[in-house]
Amino acid sequence: MWPSTNREDVKSLILLIGGFRKFYADCFPLIVNKEVTEYQWNGYLENPEEWTEAEYYGDTVELESISPLDFVSIVDIRYKDKTICSKVLWGIPNANGSNSWFHNCPFRIDLLNYAARDDDSESEVTLTVSDGLPPITSMEKERKDGKLWKELRDGLRLSWIVVNRKVKQAANLASWSPLGGQRHWPTDKDFVIRFGSVLPAKDILPCQVVECILIMKFRVVNTEGEGVETTLKLTELSMQLEDMEGAHVNGRNSLLILKEALSCRRSKNYSEVLESCRLYSKVQSELKEEKMRNESRIDRLCILSGIAAFVTFWYYIL
């Protein structure tokens with residue numbers, strides 16, 4: 001299931017945090033968060049702008065006990081039960097120093113740029129017809145029938161395990177199967193597949209929960225023709241955290257959220273995991289709709305106030 005754990009340094013890490021049985025018990029079940037609806041009408045929708053900077057950006061005292069170097073990412077990608085990529089990233093890139101820009105900038109890990117590689121031959125990850133991809137005669141045909149897109153969604157599996165060496169905890173932040181994606185974006189030859197989970201952010205952010213978004217992007221480097229093989233190249237594998245309004249969570253709060261995520265509830269029931277993600281999307285949509293309704297009410301109020309002021313002005317003039 002996790003070929004990356006065959007590495008000697010990862011084996012030593014697993015022994016450090018309690019052995020493989022504990023590692024398996026922590027990382028095989030996926031994260032489930034059923035607290036999504038508990039906050040939604042708890043004042044967050046009304047006046048989120050009234051939160052102070054200290055309330056929104058968290059407790060710096062607790063942050064001092066967390067180091068980006070404590071975290072290790074163990075990542076495996078499979079396509080139709082065949083491992084196509086295994087990466088291990090020690091620490092969080094660009095997070096050196098307690099007062100670095102990392103703490104106030106949007107959190108993001110681009111695994112392909114920073115992950116340790118055993119040799120240069122692993123620097124490119126590709127999928128071909130020999131791996132089970134359907135041949136493509138043209139991108140125009142693929143746009144119409146979506147056969148390649150369907151094969152990618154059905155065949156790809158992602159495991160992104162995060163380990164905190166200091167507290168000796170681990171959890172799988174991926175959804176294993178894709179949660180969604182977008183084909184032919186930003187170009188005709190690009191396919192974006194989204195994985196992730198819903199993480200608790202209680203006492204860290206006013207929205208109380210965030211979405212861990214794991215993005216996998218493939219690009220078609222050539223298409224099927226006379227003697228030409230269809231090849232997809234992995235061009236992006238990244239992690240970022242977003243709050244309910246779609247805003248990126250900064251590095252400081254992301255460290256706190258990742259630490260809390262490693263001890264939150266998990267389940268082996270995959271349908272329960274998916275339901276947790278669907279519930280988050282539903283509440284997020286309701287939040288956006290409520291925000292649009294509030295803005296519409298304010299717009300109408302401004303228009304009516306303007307008309308009233310105009311009528312009142314001319315009433316006294318005439």
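This is a predicted model: local features need pLDDT of at least 70, side-chain atom pairs count only at pLDDT 80 or more; totals for chains, interfaces and linings use all residues.
Residues are numbered from 1 along each chain as its sequence is written, and side-chain values use heavy atoms, with hydrogens and water left out.

**Overall picture**

- The secondary structure comes to 9 helices and 12 strands, taken as DSSP runs numbered from the N terminus (helices are H or I with at least four residues, strands are E with at least two).
- Of the 318 residues, 47% count as buried; the cut-offs are under 20% relative accessible area for buried, over 50% for exposed, and partly exposed in between (1.4 Å probe, protein chains only).
- Take the contacts (heavy atoms within 4.5 Å) with a separation of 6 or more: residues 24 or more positions apart account for 69% of them.

**A nonpolar patch**

- Ile-303, Leu-304, Ile-307, Phe-310, Val-311, Phe-313, Trp-314 and Ile-317 make a nonpolar surface patch of about 840 Å².
- For the bookkeeping, patches are made of residues with over 30% relative accessible area and no salt bridge; like charges are joined within 9 Å, and nonpolar side chains (Val, Leu, Ile, Met, Phe, Trp, Tyr) within 5 Å.
- A salt bridge here is a side-chain nitrogen of Lys or Arg within 4 Å of a carboxyl oxygen of Asp or Glu.
- One of the patch residues, Phe-313, is found in helix α9 (residues 270-317) and counts as partly exposed because its relative accessibility is 46%.

**Aromatic pairs**

- A search of the whole structure turns up 7 aromatic pairs; rings of Phe, Tyr and Trp (its six-membered ring) pair if their centres lie within 6.5 Å, with planes under 30 degrees apart counted as stacked, over 60 as edge-to-face and the rest as tilted.
- Phe-20 and Phe-23 are a tilted pair, because their ring centres are 5.9 Å apart and their planes sit at 40 degrees.
- Those two residues are 3 apart in helix α2 (residues 20-27), so about one helical turn separates Phe-20 from Phe-23.
- Phe-20 is partly exposed at 42% relative accessible area, whereas Phe-23 is buried at 1%.
- Phe-102 and Phe-107 pair up edge-to-face, at 6.2 Å centre to centre and 70 degrees between the planes.
- Both partners are tucked away: Phe-102 is buried with a relative accessible area of 5%, and Phe-107 is buried with 1%.
- Ring pairs also link Trp-2, Phe-20, Phe-23, Tyr-24 and Phe-28 into a cluster.

**Ser-177 and Arg-157**

- Ser-177 sits in the loop between β7 (169-172) and β8 (180-183), and with a relative accessible area of 13% it is buried.
- Its side chain makes a polar contact with the side chain of Arg-157 at 3.4 Å; that means a pair of N or O atoms within 3.5 Å where, within protein, one must be able to donate a hydrogen and the other to accept it, and residues adjacent in sequence count only if both atoms are side-chain atoms.
- Not counting residues up to four places away in sequence, Ser-177 touches Leu-156, Arg-157, Phe-195 and Tyr-270.
- Arg-157 lies in strand β6 (residues 156-164) and is partly exposed at 24% relative accessibility.
- Arg-157 and Ile-77 are 80 residues apart in sequence, yet 5.8 Å apart in space, C-alpha to C-alpha.

Key: Accessible areas come from the Shrake-Rupley method with a 1.4 Å probe; for residues, only the protein chains shown count as cover.
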